[in-house]
Amino acid sequence: DHIGPSSPPTHALAKAPVATPQHSVDAFVKVFLQELNTGQGVTLSRSTVNDQYLALARTVRQYLMTRWLETSRHYAESGSKAIGYLSAEYLLGRQLGNALLATDLGEVAEEAMRGCGLDLARLRAQEVEPGLGNGGLGRLAACFVDSLATMGIPCIGYGIRYEYGIFKQSFVDGRQVEQPDPWLALGNPWEFPHPEASVQVNFGGHTETYDDGGVQRTRWVPDWNVVGVPYNYMVPGYHNGKVNTLRLWSAKATNAFDLALFNSGDYPEAVRAQTFAENITKVLYPEDSTPQGRELRLQQQYFFVACSIRDFIERVLGPDFDLHQLPERIIFQLNDTHPVIAVPELMRILVDERHFEWDEAWQITKQCFAYTCHTLLPEALEVWPTELLGRLLPRHLEIIRRINADFLDEVRASFPGDEQRVRNMSIISDDPNSSVRMAFLATVAGTKVNGVAELHSQLLADKVLHDFDELWPEKFTNVTNGITPRRFICLANPWLSELISDTLGVGWVTDLERLAELEPYAQDPDFRRAFREVKQKAKVHASDILRARDGIELPPGHLVDIMIKRLHEYKRQTLKLLHVVSLYEQVLSGEITASQLQPRTVIFGAKAAPGYWMAKEIIHLINAVGSVINTDPRLEGRLKIAFPANYNVTLAERLIPAADLSEQISLAGLEASGTGNMKLALNGALTIGTDDGANVEIRRLVGDENFFLFGLSEPEVAALRDSGYRPRQYYESNPQLRAALDLISSGIFSNGNREAFAPIVSSLLNEDRFMVLADFQSYMEAQLRVREAFADEEEWTKKAILNVARCGFFSSDRAMGDYLREIWHASAI
Ligand code: F58
């Protein structure tokens, strides 16, 4: 079998796939009308926009189909090493535009639709984006599979087909309200279910030993199971005729499971069983950064990983494949710890099912995994209670115990007598309750462990996984994240793309370092004017979108200041807000006049985890401040807050090109990388940021003079924490800060209710875990530098152009190149 959409045909005539339709308007119209008539069962005149969108999507799909089949056949024949990207999240964004871009059908489709009396943009707007991820981690996975397809690397992305993606956010009285995201409700033309390739997944029960012709073996006797149905998605490469596969698993009840109950006459119970099974892939957990140790989540993790490994071994490689050679054919990249249960699963298959010796199985397994860590927050490191693991996956817990025992022997051999170290490094911890530390298991099993930006990788090796770095320094490496220029420049910013292509030719799209050739144009007044026109068009477009979507007006001529990311205290949306409140307070108190304000609109986009109370309070405060300052005539319309609800990939694509200023203001040492920072810089926004995550590398590349640095450095944060941080000191000694906080406490943003935001203020004054108050002064000063720089239009444009020209490094193509060389040891075929 092979890595691809279907099994190979046996009939000779069926060997070659059908031909791709012609790349012409007429051919496109023909396929479109056919899809409308025979696919949707309607005529053009009676069709709805949804009919038209679905037929259009299926039309574009036809142009990819042959390439998909060909790609998978080519990979299978080459027998080369593939990447199995294991990720519980893929935050894909809309598919249609990307497929049109990859196939270069944009203009053909536009004309074809016009010929049918339809508007392509309107049909594109009909697509509901697959929001199968929370934030950066899920979006990174989507960028990576895009790059691998574009580079012609054999890769299967494995994940979960959640029936409900990340919740829809709305605001009621300024507060976040969550609604389910039924993204599949109107039909999904981008997926191909393959129920015939379903996989059974077991849970629960116990283990037993038995005698197998004189050999003592262990087997798992599970007590319930579900079926995983694969849904294949196309991952089109850009203009290269390659289409890779993303395989997402959906849970269904097994027949045996409900039939037994059905026969017993208990029909409702049988249906309940089905619901129970299908619950596993029902919904994406909306927690970012702080995973909750919920049983269903562990079920999801094991479910998709068991399906994926079984699929690769039995369907891609086939039943005759000698698993001794497994490391030559696959490397599974663990996107954070969520898929780490794959490690004991592969051991179980090798030892219990294929009867490998333990040591040999371990040698093989260790070569098949590598681990990427995406956090530094201690509370974000996943741990599973052994009680839960043992109940759900008893055999896996036994295997983990044995891996741990062998590993601790190795630690003792390297550090004799150091039992404290042994306890610190144990995969199974007893503090406070017996639990499995998944990051440790991943580190022990992985050939490599990487962080996602230089600073983050450094801190991982020095702090979070320091003992492991001492034992195996060669395991630790860095791969700085990247973003796909196809979606985040070509699709999101057609105006900038055109300017770049007119200047450099089109090669930059797959070779982003070529943006460096733009550097001399920063000195060219004509180019700068053209560059400003690009920004202006993007602002007008964003403003049209915000008006239609949210009824928000973006005043023309404003500095567009953007903070888009999940709402989390460590990311410090409150620091941004204190800046706005302080400017307002300075006008109210007469310290400055409104006319001294640089006209500016601050755009926030952020979802809070539904259970994260403080994050939701902060959303409420942002909206409350917005509704007061946006209507206070004393500000003369020169300071605005825009907070469109339901920030998602689609909205990101609209906002990013319009940004002048990119807010990357996390407390140093806590943002692993950030990727929004890269998208914004590549679209010509200047960054105001701390020395954190990939900001460090952005600043080094663009130069200090083109970046607004502020705040404590990571070592300064650590020192301040050690010396005993007292936030109230800053409040007491900084009048501007005090006035801003007092204004919030005054009730002005809450109809006189002085208690409304007391929890936020008191948390800042009394604890301030993320040192907002310590960085306030430095942030205000950096914003003054922004104001000054923005006033000089020509100089600002130069800086913006240099940001674009110097950020080619942040392509996910480069990141994939790094993984291939340093971790995967695989290449294009
Ligand atoms: C993010 N992590 C990091 N986690 O915060 C960000 O700095 C980094 O750029 C990005 O990964 C890509 O490396 C992140 O998005 C999650 O969303 C997890 C979801 C599941 C629960 C735990 C957090």
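This is a predicted model: local features need pLDDT of at least 70, side-chain atom pairs count only at pLDDT 80 or more; totals for chains, interfaces and linings use all residues.
1. Strand E20 (residues 559-564) is joined to strand E21 (residues 600-605) by six bridges, and the two strands run parallel. Leu 559 has Arg 600 in E21 as its bridge partner, while the partner of Met 563 in E21 is Phe 604. Strand E20 is also mostly covered, with five of its six residues buried.

2. The domain assignment divides the protein chain into domain 1 (1-79 + 100-127), domain 2 (82-95 + 130-376) and domain 3 (555-799). Between the C-alpha centres of domain 1 and domain 2 the separation is 28 Å, and 21 residues of domain 1 are in contact with 24 residues of domain 2. On the side of domain 1 that touches domain 2, helix H2 (49-78) and helix H3 (96-103) each supply at least two residues. Of these, H2 gives the most, with 11 residues. By class, the residues on this side of domain 1 are nine nonpolar, six polar and six charged.

3. The largest nonpolar core holds 251 residues, and the members that touch the most others are Val 145, Phe 303, Leu 441, Val 580, Val 625 and Leu 655. Helix H9 (residues 295-317) gives the most to this core, namely 12 residues. For Val 580, leaving aside neighbours within four places in sequence, the contacts are Val 602, Val 625, Ile 629, Leu 639 and Ile 641.

4. Is Ala 88, in its loop, buried or exposed? Ala 88 lies between strand E1 (82-86) and strand E2 (90-91), and it counts as buried because it has 26 C-beta neighbours inside 10 Å, where the cut-off for a buried residue is 20 or more. Not counting residues up to four places away in sequence, Ala 88 touches Gly 159, Ile 160, Gln 300, Gln 301, Phe 304, His 338 and Pro 339. The C-alpha atoms of Ala 88 and Leu 284 are separated by 8.9 Å, although the two residues are 196 residues apart along the chain.

5. A further open sheet has three strands in the order E15-E17-E16, with antiparallel pairing. Strand E15 (383-385) and strand E16 (428-429) form its edges; each has a single partner strand, so one side of each is left without a neighbour in the sheet. E16 and strand E17 (residues 435-437) are joined by two bridges and run antiparallel, and Ile 428 has Val 436 in E17 as its bridge partner. Helix H16 (residues 438-445) lies across E15 and E17, running at about 50 degrees to E17. The loop between E16 and E17 is where Pro 432 is placed, and the peptide bond from Asp 431 to Pro 432 is cis, with omega near 0 degrees.

6. Strand E5 (residues 168-172) and strand E6 (residues 175-179) run antiparallel and are joined by five bridges. Phe 171 stands opposite Gln 176 in E6. The two strands form a hairpin with two residues between them, and Asp 173 in the turn has a positive phi of about 50 degrees.

7. Some backbone values deserve a second look, since most residues other than glycine have a negative phi, and most peptide bonds are trans. Asn 751 has a positive phi near 50 degrees and lies in the loop between helix H29 (735-745) and helix H30 (758-766). Asn 751 counts as exposed because it has 9 C-beta neighbours inside 10 Å, the cut-off for an exposed residue being 12 or fewer. The phi of His 825 is likewise positive and near 50 degrees, and His 825 is found in the segment after helix H33 (812-824). With 14 other C-beta atoms within 10 Å, His 825 is partly exposed.

Notes:
Residues are numbered from 1 along each chain as its sequence is written. Domain bounds come from an automatic or database domain assignment. Two residues are in contact if their C-beta atoms, placed from the backbone, lie within 7 Å. Helices (H or I, at least four residues) and strands (E, at least two) are DSSP runs, numbered from the N terminus. Ala, Val, Leu, Ile, Met, Phe, Trp, Tyr, Cys and Pro count as nonpolar, Asp, Glu, Lys and Arg as charged, and the others, Gly among them, as polar. A nonpolar core is a set of buried Ala, Val, Leu, Ile, Met, Phe, Trp, Tyr and Cys residues joined through C-beta atoms within 7 Å. Two strands pair if DSSP finds at least two bridges between them. Axes are lines fitted to C-alpha atoms, for helices over the stretch in contact, and angles run from 0 to 180 degrees between N-to-C directions.
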